[in-house]
Amino acid sequence: MNLRETSKFLSNYIFILASFLIVPLCMAFYFEFCIPKFEHPQPHSTLAFFITISICVTVAYILHAYGKKADGSHFFRREGFLAVILIWFISGVIGALPFYLSGTLTNPVEAYFESVSGFTTTGASVMYPMNYNPETKVNNPVSYTVTGQHKTTYKFYGNIRPVIDAQSGSVLYSGYDAVGKALLFWRCFMQWVGGMGIVVLFIAILPAYGLGGNKLLMQAELPGPQHENIAPKARDAASLLWKVYLFFTLIALLCVRISNPSITWYDSILISISTISTGGFLPLKQDILVYNLPIIQWIMILFMFLGSVNFTIHFYVLKGKFSKLFDSELILFILSILVGVTLVIISLTGTEQTLLTGQSIRFDFSNSIRYGLFQYLSCQSTTGMILMDYDQWPFFAQSIMITAMYIGGMSCSTAGGIKVIRYYILMKTAAYRTEAIFKPETVRSFRVRNRLVSDKTKETVLTFFFIAITFSLIGTLTYIGDGIDFRTAFSSMSCMINNVGMGYGPAGPSQSFAFMSNFSKIISTFWMILGRLEFFIVLILFTPTFWRNR
C-alpha cells in the first residue's frame with residue numbers, strides 16, 4: 001500500500017472540493033451583506049463556509065506535503081480503491097462542516113447524515129422544526145405514534161431553530177424556511193456533484209493521473225456491472241459524461257423557468273439540479289405543491305426519467321445515433337415503469353387521498369395518472385420527491401413503491417437501486433440454467449450492448465443480489481434492535497441502501513429521519529455510502545488480503 005500516492009490524490013481532490021465551496025460562500029456573503037436583513041432574517045453562514053474552505057485548504061496542503069514525492073507511477077488497484085472509499089467518507093465530513101459551524105445542525109452526527117445523504121443523492125433529511133413555544137421559550141419534544149398491532153411512540157426533539165421576531169417574540173419562520181438560503185443551496189449542490197459521481201468529476205477536471213488508475217476509479221464509482229467505453233481515455237469519457245449531465249441540467253433549468261416565470265432563478269436552479277441528479281433535496285419540502293402547477297410536475301417527471309437513463313445512451317442520441325434507443329436495458333426499464341405505474345393507478349383510482357397541503361381530493365383516473373406516475377417514478381428513479389401523503393395509500397400501492405426502490409434506474413445513471421441491467425442478466429441466466437436442467441448439452445450465451453456477458457459477470461450479479469438481500473435483512477434487524485417498528489425499519493433500510501430518501505411512518509411525508517437515535521443515524525450513513533458505491537468497493541476494506549503487502 002503506497003499511502004503517499006493516495007495522500008497526493010486526496011489532496012488534489014480536497015483542493016477541488018474547496019473551490020466548489022466558493023459558490024455557496026459567495027451566496028452566503030450576498031445574503032448577509034448585500035440585501036436588507038428583513039429579506040433574509042434566517043441565520044447566515046458566511047463565516048461557516050469560510051472556515052470550511054480554510055480547513056479544506058489546510059488539510060489538503062498537509063496531505064500534499066506528505067505525498068509530494070509521489071508521481072503516480074505506483075498508483076495501482078489497491079491505492080485506487082482506497083482513494084475512492086476515502087473520498088466518499090471525507091466528502092461527507094467536509095459537506096457537514098457548514099451545517100455544524102453555522103449552528104443549523106448542532107449535532108455533528110446529524111450534520112454528517114445530511115451531508116452524506118446529499119453526496120450519495122439519497123435525499124433523506126434529518127432536518128425537523130423545533131416544537132418551540134414562543135411564550136415559554138422552550139423547545140418541547142415531538143411525539144409521533146405508529147398504530148397497529150405493535151403500537152410504537154417516538155419522542156424526539158426538532159433540530160431547526162425557528163426565526164423569532166425580535167420585537168413581538170413570535171415565530172416568523174420554522175423548519176426549512178428557517179434555514180439560510182446559502183445552506184439550502186449547498187444542500188442541493190452536494191447531490192448534483194454526487195449525481196454523476198464526485199470521483200468521475202475529479203478525473204474530468206484534473207490532468208490524467210495514470211490512465212489505468214483513472215479507468216479503475218471510474219469503474220469503481222459508476223453504477224452497473226458493465227460499462228461502455230465512449231472514449232479511449234478515462235479522462236475524456238468522464239468529461240463527456242459530465243458535459244451531457246450539465247447539458248440536461250441547463251435544459252431542465254430553462255424548462256422550469258420558462259414554464260412559470262414567477263418561480264425565482266434560485267428555486268429554478270435548485271429544482272433542476274435536484275431532479276436531474278435524482279437526489280430529491282428541495283429548498284422547501286412542499287415546493288412542488290406551493291407552485292401547484294401540473295406543468296412543473298410533468299417537467300420533473302421527464303427529468304427524473306432522463307436522470308435514470310444510462311448517460312452513455314444520452315451521449316449517443318445527442319450525436320444522432322438513435323439506434324441506441326433500442327437498448328435492451330432501456331426497453332426493460334420503460335416496461336418496468338409502465339407495469340409499476342399501471343398497478344399504482346389501478347390501486348389509487350376511486351380512493352380519497354391527501355396532499356401534503358392537507359387538501360383531500362378524490363382520485364379520478366386523470367389524477368391517478370399524474371400523481372401516481374410522479375410518486376412511483378420518484379421511487380424507481382430513487383429521487384425521493386414527495387407530492388402527496390403516500391403513507392395513506394392502499395397497502396398494495398405502498399408495496400409496489402417499496403419494490404420500485406429495489407429495481408432502481410439504469411446503469412451509469414444518477415439513479416440508485418439494484419439497476420435494471422442486473423435483473424436482465426439475472427433473468428437470462430435463470431432461464432438458461434433452467435433449460436440446462438433437461439438439456440445439459442445446450443450451451444447458451446447472450447449479449448448486453450453488443451458485449452458478451454461472461455460467466456464472471458453472471459457470478460458478480462448473483463453475488464450482488466445476495467449481498468443486497470443480506471444487508472437489507474441485517475439493516476432492518478439493526479433498526480428494529482434500536483427500537484424502530486418493523487414497517488418503519490424496513491422502509492428506512494430500503495431507502496438508505498437504495499439511495500431513495502423516502503420512508504413510511506415517522507420517516508414518511510412531512511416527516512424526517514430526526515426520530516432516529518445517533519446510532520441509527522451513523523449506521524444509516526454507512527448504508528447510504530455502501531449503496532452508492534454498490535457494496536463491493538467498500539467491502540474490500542474488510543478482506544485481510546487488501547491490507548497485506550504485495
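In this predicted model, Tyr100 counts as partly exposed, with a relative accessibility of 39%. Tyr100 is found in helix H4 and belongs to a nonpolar surface patch together with Leu47, Phe50, Ile51, Ile55, Val59 and Leu101. The accessible area of this patch is about 600 Å² in total. Helix H3 (46-66) and helix H4 (77-101) each supply at least two of the patch residues, and H3 gives the most, with 5 residues.

A search of the whole structure finds 7 salt bridges. One of them pairs Glu114 with Arg187, with the closest N and O atoms 2.8 Å apart. Glu114 lies in helix H5 (residues 108-119) and Arg187 in helix H6 (residues 181-196), so this pair ties together parts that are 73 residues apart in sequence. Both Glu114 and Arg187 are buried.

A salt bridge is also formed by Glu534 and Arg422, again with the closest N and O atoms 2.8 Å apart. Glu534 is in the loop between helix H20 (518-532) and helix H21 (536-539), whereas Arg422 is in helix H17 (residues 420-438), 112 residues apart. Glu534 and Arg422 are both buried.

Within helix H18 (residues 455-481), Asp455 and Lys458 are 3 residues apart, about one turn of the helix. Their side chains meet in a salt bridge at 3.8 Å, N to O. Lys458 is buried, at 12% relative accessible area. Elsewhere, salt bridges with shared partners join Lys419, Arg422 and Glu534 into one network.

Asp391 is located in the loop between helix H15 (365-380) and helix H16 (395-407). Asp391 is buried, with a relative accessible area of 11%, and its side chain reaches the backbone nitrogen of Gly505 at 3.0 Å. Beyond neighbours within four places in sequence, the residues in contact with Asp391 include Tyr144, Arg487 and Tyr504.

Conventions:
Residues numbered from 1 in each chain as written. Predicted model: local features only at pLDDT ≥ 70, side-chain atom pairs only at ≥ 80, totals over all residues. Heavy atoms only, no water. Helix = DSSP H or I, 4+ residues; strand = E, 2+ residues; numbered from the N terminus. Buried < 20%, exposed > 50% of the residue type's maximum accessible area, 1.4 Å probe, protein only. Polar contact = N/O pair within 3.5 Å; in protein donor to acceptor, adjacent residues only side chain to side chain. Contact = heavy atoms within 4.5 Å. Patch = residues over 30% accessible without salt bridge, like charges linked within 9 Å, V, L, I, M, F, W, Y side chains within 5 Å. Areas by Shrake-Rupley, 256 points an atom, 1.4 Å probe, with all protein chains shown as cover. Salt bridge = Lys/Arg side-chain N within 4 Å of Asp/Glu carboxyl O.
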